[in-house]
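Subject: Structure for you to look at

Dear colleague,

I am handing over the structure we spoke of, and below it I have set out what was found in it. Please read the notes with the model open beside you.

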Amino acid sequence: MKDINLDNGMFTVGFKHYNAIDSTRTYRIHNGFNNQYINRPIPISIWYPATIEKKTDSLIVLDYLKVLKEEEEWKNLPDEFLLDWFPYLWNTPENKLHLMENVSAFFNAKFLKGKFPVIVYAPSYQASSIENFAMFEYLASNGFVVISSPSRGTETRYLEGGTTKDMETQSRDVEFLLKEINKYENIDVERIALMGFSFGGLSNAITVMKNQRIKALVSLDGTERYNYSVLEKSAYFNLDNFNVPYIHFAQKEIPKEVLISDKISANVNYEYILFDSLRYSTIYSYRFHDLTHSYFSTFGVLFTNRDKRQDKSDDKIMASYKLLSEHTLNFLAMTLKNQKTGTEFIENSIKENGFSETLVSKKSKPAEIREFNYQDFIDLALNQGYQDLISLFQKTTVIHPKLELKEGMLNTLGLRLSFNPKTAQQGVNVFLLALHLYPKSANLYDSLGEAYFYNNDYKSAINSYKKSLELNPSNQNAIDRLKQLRK
C-alpha cells in the first residue's frame, strides 16, 4: 500500500487463514440468537516467508476484511456494508479506495524452506487477527512468521470490560497459538516473541510470566502501561518470571482538553508501574509523538476517523507508523536473530539513528543481574553430565560466593537420578557433592547407600550404610539394608 509505504524485505509473503478448535472450552456464537454452546473456535491467521510456484495475484485489502467479517461473526454480510457496519471502520471515499488496494501477501502460498522465528500476536480489545496486516506482511518479508487469532471474550466474542478474566482468556488463546506453531516444520519454536496491541499487550505480559519459552515481548501501546492493577490481580502474576527483553511503544501525550472531555484519567500520559517494577528484564520504552492510540494498527491508520482535537496529518501518521514498524523489526532482529544491525539500532539514541526527538523519544532500563541460585548451578551440572561436581562447585563459588546448595534439595535430586538406571552414576555424583558440603549427614550417607544399592554396587552400599549408622545409630533403613545385604 503506497500510503503506508513500508519497504518490504527480500522474502515473498504467504498468508493462510483457517479455523481450529479448543475442545477444552465452550463458546456461544453471539449472533446465533440461541443458547447453544460449542467447542471454542480459534480462527487463525498466519503470515510467513513463501515461494510462488505459479503466477498469481496478491491479496487486496478487501480480502483481509472478509476475514474480519468471519471473526466478527458476520460472515455473510454483503461487502458493500463493510465500512458502515463496524464502528471502527469509517465510510469515506478514501477508505473505499483502500479496499481495492493490493497488499504484499499471496493466499495459501507455499512455505519457504528453512526455519524462521515466530511472533505470536494478541490483538486489541475485541479486535480481529488481521488488524495489523501491513506490519505482519513487513515482518514476514524480513524472515519472520506471524500468527494471530482474534480477541474474544470467555463465553462469546464480547469481553467483560477489560477485566483480569478477559486478560486471562486472551492469554489462554495466545497459549493455544503457542501450541499450534509446533505443527509447522518451518517455524523455529526455540525463537518465539509475543507482540500485542492495546489490551493484547496486557494479556501478553501475563503470558510471559507463565511461559519461559518466550524470548522477547513487543507492546504496541499496550495497556499494561497504565492498567497494572488488572495484571496484578491475576493468579499468575509474578514479576520475577518477567525476565525477557521488552519493548513498549506508547502513544503521544493526550491533550488536557481531550482528557477532560472524554473522561480519561491523566495517568494514561505518565503512569508506567510495570517499567518501574520489573527487575530482570531489559526494557526499551518509546513514545511516538505523532501517533494517537488507534494508529498503532493498520486498521487505525487506514480506516479510523481522525480526531481533529489531537490527530496529526495523514502524512505524519503514515510516516510514524512506518517508523514504528521499523523499530519493531529491529528489536525482533536483535532478540530473535541476534543481528548486529538490529542491536545497534535499538541501543542507539534517537539522534544516533537520525531521527528527531520531536518525532519519537526513548528511555530504557537495563536488567538487574539475578542472584545465582541452586537452579542455576544445577543447569551447569546438567550441561556437564553431573561430572566433577565438587570441582564445579568450587569454581562457581569463586564467582558467586553467596551460592547455597541446601541438603534436602541435593538429596531429592540424587535420589531421583539414582532410581533411573540410565542416570544412577549421576545420582552418586550428586551425593558425593552433598557429602562434601554436609559431611556429618547420616541421611545423605543413607541415600548414597541407596544409590549404590540400586546400582548393584553392594560393597560401596555397605560402607555407606555403616557410615550412616555411625552418625545415627537409630537409622532403621540402614540397619534393615545391612541385614539384607549380609544374607
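The largest pocket has a lining of 20 residues, and those that lie nearest its centre are Tyr88, Ser124, Ala127, Glu131 and Phe197. Please bear in mind throughout that this is a predicted model. The space in this largest pocket comes to about 350 Å³, and its lining divides by class into nine nonpolar residues, 10 polar ones and one charged.

The second largest pocket, with a volume of about 290 Å³, is lined by 17 residues, of which Thr292, His293, Ser294, Asp307 and Gln310 lie nearest the centre. Its lining is made up of six nonpolar, seven polar and four charged residues.

Is Ser281 buried or exposed? Ser281 has a relative accessible area of 0%, and because this is under 20%, Ser281 counts as buried. The side chain of Ser281 reaches the backbone oxygen of Val244 at 2.4 Å. Leaving aside residues up to four places away in sequence, Ser281 touches Phe242, Asn243, Val244, Pro245, Tyr246, Lys365, Pro366 and Ala367.

As for strand 10 itself, six of its six residues are buried, so the strand is largely enclosed by the rest of the structure. Both of its faces are covered, with Ile283, Ser285 and Arg287 buried on one side and Tyr284, Tyr286 and Phe288 buried on the other. Strand 10 runs parallel to strand 9 (residues 246–250), to which five bridges join it, and within this pairing His248 stands opposite Ser285. With strand 11 (residues 360–365), strand 10 pairs in the antiparallel sense over six bridges, and there Arg287 stands opposite Ser361.

With best wishes

Note on methods: Residues are numbered from 1 along each chain as its sequence is written. This is a predicted model: local features need pLDDT of at least 70, side-chain atom pairs count only at pLDDT 80 or more; totals for chains, interfaces and linings use all residues. Side-chain values use heavy atoms; hydrogens and water are left out. Buried means under 20% relative accessible area, exposed over 50%, partly exposed in between (1.4 Å probe, protein chains only). A polar contact is a pair of N or O atoms within 3.5 Å; within protein, one must be able to donate a hydrogen and the other to accept it, and residues adjacent in sequence count only if both atoms are side-chain atoms. Contact means heavy atoms within 4.5 Å. Helices (H or I, at least four residues) and strands (E, at least two) are DSSP runs, numbered from the N terminus. Two strands pair if DSSP finds at least two bridges between them. On a 1 Å grid over the protein atoms alone, a cavity is a set of points where a 1.4 Å probe fits but cannot get out, and a pocket is an open set with protein on both sides within 12 Å along at least five of seven lines; lining residues have an atom within 4 Å of a point. Grid points are joined across faces, edges and corners, and a volume is the space filled by probe spheres set on the points. Ala, Val, Leu, Ile, Met, Phe, Trp, Tyr, Cys and Pro count as nonpolar, Asp, Glu, Lys and Arg as charged, and the others, Gly among them, as polar.
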